[in-house]
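Please look through the sequence and the model below before reading on. The paragraphs that follow move from a charged pair to the packing around it, and then to other parts of the chain.

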Amino acid sequence: MIETSSSLILIQVICILCFAGTIAWTVMVIPMRVAPSASWRFALANFCVLLGMLLYTQRTHEPSYLHWLVADNIILVGFCFLRWGAQRLYHLKSSHQFDITLVLVSIGSMLLAKPQNSSSAYLMIILSLAAAVCFFMLAKDHYVAFKKNFTAFATYWLVIPILIIGIMFLARACILILYPEKVATYAAFNTEESVPILWVYIVLILLVNILIIGNTINRLVVKIMTLANKDTLTGLWNRNALQNKLALEHARWLRDKVSYSVILIDLDHFKQINDVHGHTAGDEVLKVAAKQLNSITREIDYLCRYGGEEFVLILPLTSEQKALCVAKKLQLALAKVNFEWQGTPIAIEASIGFSTINESLPAEALLHLADKAMYEAKASGRNCIKSANPTLNDKF
């Protein structure tokens, strides 16, 4: 049992913080629906730490597997839930098998000693080493997730707090290995010497929850920004994103004179597909066409759904002749699609127009010329390619 008032108060503060964390993350799951699959894991992480601390308070001088081995490993499971929540939040590969193995190794190692005060140093060494591994792997997960969206400086500063927590657990294990007599300071919770370490736990609980709340909000903001610039049906960039990308490429052209081209693709007879087969069929045709077009673009290219059955492809570092080659590839790719709707084959064809930047063109005019060339392709019998440059049209 807790024998000193200072330790008891700090244990109560830790429990209150964990309880508040459990409630806060549960609210994120049920009424608010903010990253629910990740949030309920964060709620369970706080609950496991809360339950483990409550079991800690019931420790006596009598051996007890419940108040020692079970309490320690419930907290370790809480750390695992913390990692699993981060993996769900950032859509990373699950580490369940590794983490469950870590917990089982911890349990097996603890079973080698009798769960009582005389074994507290050994038991705390095992828990600390397992916790250190968990937090080091959590730091790695965050690094993998952050480096895709943040600068190196921001990434390191977001990962460092998690890394420090892992180092602290590792340091505690090393201290107890070298100086087992310091168990009252680093492993016990019912002595005056344990007060500093209890304060550290309070700071850690606050830090971890603040960090994961910040990361969850950041992920939500990124998702909202992405949805604002993505077409919900095809998953391609939308018209708003197109304007931003076009402005960026044009600014690069003005600065470095790096040529770029725009291709406008309009699916032929799309209204007829909707009228004969229904709008659901039309939606499927759009999704299939978008997937096929996207499959042959480069990473630096920018494919957008312009509206209705129209798609726009921005081609950085692309001359007029290269743009023609890309347009032919797009036309061939669509022709290869074998699409059936309720047993009826539907051919997917497109009229394509393209234009390439030159000294006299603003960005808006470039898109207008590609649109005009596309309508010329429509007027020429559809399923063909036209350039905004009449001279080039004479060559194909």
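Are Asp141 and Arg83 buried or exposed? In this predicted model, Asp141 is buried, and Arg83 is buried as well. The two residues form a salt bridge in which the closest N and O atoms are 2.7 Å apart, and the pair links distant parts of the chain, since Asp141 belongs to helix α5 and Arg83 to helix α3, 58 residues apart. Salt bridges that share partners join Asp99 to Arg83 and Asp141 in one network. A search of the whole structure finds 11 salt bridges.

Leaving aside its neighbours within four places in sequence, Leu82 is in contact with Phe42, Ala45, Phe135, Leu138, Val208 and Ile212.

Seven aromatic pairs are found in the structure. The ring centres of Phe135 and Phe169 lie 5.7 Å apart and their planes meet at 15°, so this pair is stacked; the pair connects helix α5, which holds Phe135, with helix α6, which holds Phe169, across 34 residues. Both Phe135 and Phe169 are buried. Elsewhere, Trp40, Phe81 and Trp84 form one aromatic cluster.

Within helix α9, Glu249 and Arg252 lie three residues apart, about one turn of the helix, and their side chains meet in a salt bridge with an N to O distance of 3.2 Å. Glu249 is buried because its relative accessible area of 2% is under 20%, whereas Arg252, at 27% relative accessibility, counts as partly exposed. Asp256 and Arg255 form another salt bridge, their closest N and O atoms being 3.0 Å apart; here Asp256 is partly exposed at 42% relative accessible area, and Arg255 is exposed at 59%.

The last stop is helix α12, residues 320-335, whose 16 residues reach 23 Å from the first C-alpha to the last, close to the 22 Å expected at 1.5 Å a residue. Its buried residues are Ala323, Leu324, Ala327, Leu330, Ala333 and Leu334, and what covers them includes β1, α11, β3, β6 and β7.

Definitions and conventions: Residues numbered from 1 in each chain as written. Predicted model: local features only at pLDDT ≥ 70, side-chain atom pairs only at ≥ 80, totals over all residues. Heavy atoms only, no water. Phe/Tyr/Trp six-rings, centres within 6.5 Å; stacked < 30°, edge-to-face > 60°. Helix = DSSP H or I, 4+ residues; strand = E, 2+ residues; numbered from the N terminus. Buried < 20%, exposed > 50% of the residue type's maximum accessible area, 1.4 Å probe, protein only. Expected span 1.5 Å × (residues − 1). Contact = heavy atoms within 4.5 Å. Salt bridge = Lys/Arg side-chain N within 4 Å of Asp/Glu carboxyl O.
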